[in-house]
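Please examine the sequence and the model shown below.

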Amino acid sequence: MNALEGLLSDLKAVCAGLPDQRQGPPKAGAYTMADIGLSAFSVFFMGSASFLAHQRALAEGHGRSNCQTLFGISAIPTDNYIRLMLDGASSAVFDQLFFKALDTMAAADALAPFQRLGGRVLVPLDGTEHFASRKISCPQCSQRRRSDGGVECFHSFLGASLVAPGHKQVLPLPPEFIVPQDGAEKQDCERGAAKRWLAKHGPALVRYRPIYLGDDLFACQPIATAIQNCGGNFILTCKPSSHKTIAEYLNGAELEEHQLTVVRSGKRSTHVYRWLAGVPLRDSEDALCVNWFSVEIYDAKGKRTYFNSFVTDLPITAETVAELADCGRARWKIENETFNILKNSVYHLEHNFGHGKKTLANVLATLNLLAFAFHTLSQLCVLAWRTAIAARGARYRFFEHLRTITAYIVFDDWSHLLQSIADPKARPP
């Protein structure tokens, strides 16, 4: 059993434990909760909204389908029945599977490309939306008033991923949904979700020595303290305009400086790093002391092409400042290589697969993220998966083949399917 099949087996066990809303003893031939949960997941994993419809047609003609052979689904429920049965389930039941994927990668020595600064991992935090409507709403929705006076309901979550500068792959971690909180007067926000995420999932990441990344919104004492309390460190974007105390300390201070000449793709640039240690994060007696640093990039003509500044609780030296800056800049990967992929690639995160009346929208979004995580694990840990992608020349072409051939052919298992994609001479069963 390869890493992917092991995780699918774990997912089946989790889905089997989902709450069953049906009353009375189970009827003969009734769909199991494992069938229902895995059917929803298979749509996102295969990148095809029509996957279940194709498999029902195959089951009628062949007596079996790829739902059965690839995912272990004994019977395929209808789309509406899946939505009905998953509405009300907690999205948090799938959280453990994200960390199971991480642990599996670590056990397979596939975590090394993500490690920086002496074996640490980088975990950026950021929020994004996955649904918005003026007509559809549920108790999990947040609300905002538009300029024309209308009220729009929307769903959003705080995302987290394992990233690394210079590494194309990202591994999504469990989301924390931004939803109305019991007893809270104000609407939930990214900072509140970040505190909950760190308290809930931070302990599970401690052994990987995480460094949390975030934009200027998270460069505040409550978030920095929450990161340290869960055993992590931080590199957070810090704009001088929104941190007056830090700006006052920098004014007139003698900064340490280090310059580095970099040649990439035949183009020469100069990187200038400056830093100051022991700066209070805010104007209070209990202020947390942090280390501030900045990076400026000048092209060969002396024109400044980039500037940013950060705060961190890690020590800064001339030997480490360049890598610290690269790690801080990797925060963009959660937007460019996580959210952007989820919304504009095979996952179609913002598509309304089903909103429901309770928790359906968030459950489906979690399964979508989980499919992304399983794809990353397969890319890094399953040789047959990697070989099949290489044979097609591009990731999107691989998914085109995956969607197409599974609509017409029933494969014995994942090895058989991936081999058929990789080998043009492979014969169908």
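The model is a predicted one.

Side chains of opposite charge can pair when their charged atoms come close. A search of the whole structure finds 20 salt bridges. One of them joins Arg22 and Asp20, with 2.8 Å from N to O. Arg22 has a relative accessibility of 27% and therefore counts as partly exposed. Asp20, at 39%, is likewise classed as partly exposed.

Another salt bridge is formed by Arg207 and Asp103, whose closest N and O atoms are 2.8 Å apart. Arg207 belongs to the loop between α7 (190-205) and β7 (210-214), while Asp103 belongs to helix α6 (residues 95-107), so this pair ties together parts that are 104 residues apart in sequence. With a relative accessibility of 60%, Arg207 counts as exposed, whereas Asp103, at 30%, counts as partly exposed.

A further salt bridge brings together the side chains of Lys200 and Glu176, at 2.9 Å from N to O. Because Lys200 lies in helix α7 and Glu176 in strand β6 (residues 176-178), the pair ties together parts that are 24 residues apart in sequence.

Arg116, in strand β1 (residues 115-116), presents another case. Arg116 is buried but has no salt bridge. Which side chain of opposite charge is nearest to Arg116? That side chain is Glu323, 5.2 Å away. Beyond residues up to four places away in sequence, Arg116 touches Leu122, Ala164, Pro165, His167, Glu323 and Cys327.

The whole structure contains 18 aromatic pairs. In one of them, the ring centres of Phe157 and Phe177 are 5.8 Å apart and the planes stand at 65 degrees, so the pair is edge-to-face. Phe157 lies in strand β4 (residues 151-162) and Phe177 in strand β6, and the pair links parts of the chain 20 residues apart. Both of these residues, Phe157 and Phe177, are buried. Phe157 also makes an edge-to-face pair with Phe339, with 6.1 Å from centre to centre and 85 degrees between the planes. Phe339 is in helix α11 (residues 333-344), 182 residues from Phe157. Phe157 has a relative accessibility of 1% and so counts as buried; Phe339 is buried as well, at 6%.

Ring pairs also link a cluster, including Phe41, Phe45, Phe374, Trp385 and Trp414. Charged side chains can be found over rings too: Arg329 lies over the face of Tyr306, at 4.0 Å from the ring centre, and Arg331 lies over the face of Trp332, at 4.7 Å from the ring centre.

Leaving aside residues up to four places away in sequence, Leu314 touches Leu117, Arg120, Ile211, Asn233, Ile235, Asn291 and Leu324.

Key
Residues are numbered from 1 along each chain as its sequence is written. This is a predicted model: local features need pLDDT of at least 70, side-chain atom pairs count only at pLDDT 80 or more; totals for chains, interfaces and linings use all residues. Side-chain values use heavy atoms; hydrogens and water are left out. Contact means heavy atoms within 4.5 Å. A salt bridge is a side-chain nitrogen of Lys or Arg within 4 Å of a carboxyl oxygen of Asp or Glu. Buried means under 20% relative accessible area, exposed over 50%, partly exposed in between (1.4 Å probe, protein chains only). Helices (H or I, at least four residues) and strands (E, at least two) are DSSP runs, numbered from the N terminus. Lys and Arg count as positive and Asp and Glu as negative; His and the chain ends are not counted. Rings of Phe, Tyr and Trp (its six-membered ring) pair if their centres lie within 6.5 Å; planes under 30 degrees apart count as stacked, over 60 as edge-to-face and the rest as tilted. A charge sits over a ring if NZ of Lys or CZ of Arg is within 6 Å of the ring centre and within 35 degrees of the ring normal.
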